[in-house]
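Here is a friendly walk through one protein model, written for someone who likes to see the cut-offs beside the values. Please keep the viewer open as you read.

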Amino acid sequence: MGGINYIPDISPACAPTIVTPNRTNPIYPRTDSGAMFRQLCNVAKMNADTGANGIRMVLIDSWNQWQYDMQLEPDTANSNNVAPYGELYLNIVKKEFKTP
């Protein structure tokens, strides 16, 4: 790629309308027990730069933004009308990015 590495960017969920109801950004909520995030992890792994000079890296964009439901941090309380998911998303990261 001409010396530029591609680093895929994924997020555990995104619901910007929690804070801004009229927002038109794409929404993917946490209503699927982590299935979408698991799929995003796999797509990111397949698209991570693996060339001779590539860096095999995936950026998980969460920044613990609770107002957008983008947090990766464990949840033990009902937040944003979503059932608590505990350490589900951390466990998905652990499983999907575990090195042999």
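The report below goes from the overall fold to ring pairs, charged pairs, backbone angles and a surface patch.

## The model and its conventions

This is a predicted model, in which local features need pLDDT of at least 70 and side-chain atom pairs count only at pLDDT 80 or more, while totals for chains, interfaces and linings use all residues. Residues are numbered from 1 along each chain as its sequence is written, and side-chain values use heavy atoms, with hydrogens and water left out.

## Overall fold

The protein chain has two helices and two strands, and along the sequence they follow the pattern β-α-β-α. Helices (H or I, at least four residues) and strands (E, at least two) are DSSP runs, numbered from the N terminus. Strand S1 covers 9–10, helix H1 residues 35–47, strand S2 59–60 and helix H2 residues 88–96.

Along the principal axes, the C-alpha atoms fill a box of roughly 45 × 35 × 20 Å. Of the 100 residues in the chain, 29% count as buried. Here buried means under 20% relative accessible area, exposed means over 50%, and partly exposed lies in between (1.4 Å probe, protein chains only).

## An aromatic cluster

How many aromatic pairs does a search of the whole structure find? The search finds two. Rings of Phe, Tyr and Trp (its six-membered ring) pair if their centres lie within 6.5 Å; planes under 30 degrees apart count as stacked, over 60 as edge-to-face and the rest as tilted.

Phe37 and Tyr89 form a tilted pair, at 5.7 Å centre to centre and 50° between the planes. This pair links distant parts of the chain, with Phe37 in helix H1 and Tyr89 in helix H2, 52 residues apart. Both Phe37 and Tyr89 are buried. The ring centres of Tyr85 and Tyr89 are 5.1 Å apart and their planes stand at 90°, so this pair is edge-to-face. Tyr85 is buried at 11% relative accessibility, and Tyr89 is buried at 2%. Phe37, Tyr85 and Tyr89 form one aromatic cluster.

Arg30 lies over the face of Tyr89, at 4.5 Å from the ring centre. A charge sits over a ring if NZ of Lys or CZ of Arg is within 6 Å of the ring centre and within 35 degrees of the ring normal.

Which residue meets the side chain of Arg30 in a salt bridge? The partner is Asp69, at 3.0 Å from N to O. A salt bridge is a side-chain nitrogen of Lys or Arg within 4 Å of a carboxyl oxygen of Asp or Glu, and by this rule the count comes to two. Asp69 lies in the loop between S2 and H2 and Arg30 in the loop between S1 and H1, so the pair ties together parts that are 39 residues apart in sequence. Asp69 is buried, with a relative accessible area of 2%, and Arg30 is buried too, at 8%.

## Lys45 and Glu96

Side chains of opposite charge can pair when their charged atoms come close. Lys45 forms a salt bridge with Glu96, the closest N and O atoms being 3.2 Å apart. Lys45 lies in helix H1 and Glu96 in helix H2, so the pair ties together parts that are 51 residues apart in sequence.

Is Lys45 buried or partly exposed? Lys45 is partly exposed, with a relative accessible area of 22%, whereas Glu96 counts as buried at 11%. The charged end of Lys45 also sits over the ring of Phe97, 5.9 Å from its centre.

## Positive phi angles

Most residues other than glycine have a negative phi. Ser33 has a positive phi, near 55°. Ser33 is placed in the loop between S1 and H1 and counts as exposed at 56% relative accessibility. Asp69, the salt-bridge partner of Arg30, has a positive phi of about 60° although it is not a glycine.

## A nonpolar surface patch

Ile7, Ile55, Met57 and Leu59 make a nonpolar surface patch of about 310 Å². Patches are made of residues with over 30% relative accessible area and no salt bridge: like charges are joined within 9 Å, nonpolar side chains (Val, Leu, Ile, Met, Phe, Trp, Tyr) within 5 Å. Accessible areas come from the Shrake-Rupley method with a 1.4 Å probe; for residues, only the protein chains shown count as cover.

Ile55 is found in the loop between H1 and S2, and at 34% relative accessibility Ile55 counts as partly exposed.
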